Amino acid sequence: MARVPAPPYPDATAYPDASWTPEETAAPTAEDFARRRQVRPAEPVATMGVRAVVNKMGLLRLSPGRHEQELKRDIEMVRRNFGGLRQVTVVNPKGGAGKTVAILLLAMTFGQKRGGYVLAWDNNETQGTLGMRAQQDFHSRTVRDMLRDLGQFQGAHGRVGDLSQYVRSQGEGMFDVLASDESATGGEMLTAAAFAEIREVVSRFYKLIFVDTGNNVRAQNWQASMDATDQLVVTMSARNDSAETAARMLDHLEQSGRQRLVRQAVTVVSMPPSRKEIDLPAIQEHFAARTRAVLLAPYERLIDSGEPIRYGGLSSATRDAWLKIAAAVAEGL
């Protein structure tokens, strides 16, 4: 009979040591090791103003001031992941209420801080001005040209390069513009179905869509844009007629079952060169009671000129104010 060989060492055994017991605290995992980087974030250091100058001299290590901290918080809010496609719709049935400017400056701000995938779309039922205030591109096609050629985007067809034939790149603004018909004698008004078809296509290529609207709340494409809205932005000049028109529009939205959209809306009041003879406190009080936030957009001569708007040409006060507005919008997304 074959003999079983003895273990190589006297204490060796084929069974676990009966005296060994697991420790109460489990051994660390690779995830624990990786998580250590999040435990102690880098201490913030001032990069703006006098504090930044002192830091460069190496004498002290100053933290950011209040203004810089606010800017960083606003940028973080704008850059956060929204978890999918989002639509921001800017409204006021009155002309001259700052809708187009708001669309451009919001798209510029989000484009600059997020790095693209942003579209500004002029959903005016007839003639719009978004394309006129934006930077021009190699073509002058509009939403009607895109609507005519939607067949090339059906099913799996259509690439982002194909879309560039219809949207206008805004260069340093890092966003695109889909202009409305710029002819005063254009064709028929856009329908709700047309809005839905165009939105289905552009939603493949953008993460954030800003929709400009016309002045007719009864128009099919105006109503369709409301139904697709994630965040409403109500604009107005600091005038009683502009504010009253916006207030009556909010009445209409509430009466049509869109109370939540109104309560979560952001109100933007565009300021004139002088605050004389404007009833700003009454405007702020009314819309603060009806919407989530009321913010002021400072007067900017470049904007008032009616010329195409460049982000780099805006004053720092205007850029900071619209970053604050963009952060309030992002909070609702």
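A helix, as the word is used in these legends, is a DSSP run (H or I) of at least four residues, and helices are numbered from the N terminus. The model shown is predicted.

**View 1. The second largest pocket, with helix 3 in its lining.** Helix 3 (66-79) gives the largest share of the lining of the second largest pocket, namely four residues, and helix 14 (316-331) also supplies at least two. The pocket holds about 170 Å³ of space and is lined by 10 residues, among which Leu 71, Ile 75, Lys 113, Asp 320 and Leu 323 lie nearest its centre. Sorted by class, this lining contains five nonpolar and five charged residues, with no polar ones. Domain 1 (46-79) and domain 2 (82-332) each contribute at least three residues to the lining of the second largest pocket.

**View 2. The largest pocket and the residues nearest its centre.** The volume of the largest pocket is about 690 Å³, and of the 35 residues that line this pocket, Gly 96, Ala 97, Gly 98, Lys 99 and Val 101 lie nearest its centre. The elements that give two or more residues to this lining are helix 4 (99-114), strand 5 (208-213), strand 6 (231-237), strand 7 (266-270) and helix 13 (301-304). The largest share, four residues, comes from helix 4. By class, the lining of the largest pocket is made up of 13 nonpolar, 14 polar and eight charged residues.

**View 3. The buried and exposed residues of helix 12.** Helix 12 spans residues 280-288, and its buried residues are Leu 280, Ile 283 and Phe 287. These three residues lie on the same side of helix 12 because they cover an arc of only 65° around the axis. An α-helix has 3.6 residues a turn, so residues three or four places apart point the same way. On the other side of helix 12, Pro 281 and Glu 285 are exposed. The buried residues of helix 12 pack against strand 6, helix 10 (240-255), strand 7 and strand 8 (293-297).

Terms used. Residues numbered from 1 in each chain as written. Predicted model: local features only at pLDDT ≥ 70, side-chain atom pairs only at ≥ 80, totals over all residues. Heavy atoms only, no water. 1 Å grid on protein atoms, 1.4 Å probe; cavity = no way out; pocket = protein on both sides within 12 Å on 5 of 7 lines; lining within 4 Å. Points joined across faces, edges and corners; volume = space filled by probe spheres on them. Nonpolar A, V, L, I, M, F, W, Y, C, P; charged D, E, K, R; others polar. Domains from an automatic or database assignment. Buried < 20%, exposed > 50% of the residue type's maximum accessible area, 1.4 Å probe, protein only. Arc of directions from axis to C-beta. Contact = heavy atoms within 4.5 Å.
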